[in-house]
Amino acid sequence: MDSKRLGIYIHIPFCAGKCAYCDFASYPGREADWDRYFEALWAEMNGWREALTGYEVATAFFGGGTPTSLSAAQLDRLCGALAERFDLRALREYTVEAGRPDTITAEKLAVLKARGVTRVSVNP
């Protein structure tokens, strides 16, 4: 039986500041809401885990906001949550949006590399 493949997009609605061109749901300076958001995200992912049994994830994309506004530990936790809940063996592209270069650090890049991220998208 051939497995079914899909793509997963996870929206991280937080950023360091709202860019003038951004039309996406994003909320600068809301660090106090991050833990609450993650708890809701984990619950949502848990709900989809069973529904997507038998599917392999071909692409995963964390967009936003600016996912790299999260700390290295939060990024690690986010990537780990995805890997724990979904079959990533068929993953061909794993992208994290880093909309603002000032949110990128060597520590964050090391986490993303260790977690298998294959592409970091940076706004010019």
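How many bridges join strand S5 to S6? Four bridges join strand S5 (residues 93–98) to S6, and the two run parallel. The model is predicted, so local features need pLDDT of at least 70 and side-chain atom pairs count only at pLDDT 80 or more, while totals for chains, interfaces and linings use all residues. Residues are numbered from 1 along each chain as its sequence is written, and side-chain values use heavy atoms, with hydrogens and water left out.

S5 and S6 belong to an open sheet of four strands in the order S1-S4-S5-S6, with parallel pairing. Strands are DSSP runs of E of at least two residues, helices runs of H or I of at least four, numbered from the N terminus; two strands pair if DSSP finds at least two bridges between them. Strand S1 (4–12) and strand S6 (119–122) are the edges, each pairing on one side only.

A salt bridge here is a side-chain nitrogen of Lys or Arg within 4 Å of a carboxyl oxygen of Asp or Glu.

A search of the whole structure finds eight salt bridges. One of them joins Glu39 and Arg77, with the closest N and O atoms 3.2 Å apart. Glu39 is in helix H1 (residues 34–51) and Arg77 in helix H2, 38 residues apart.
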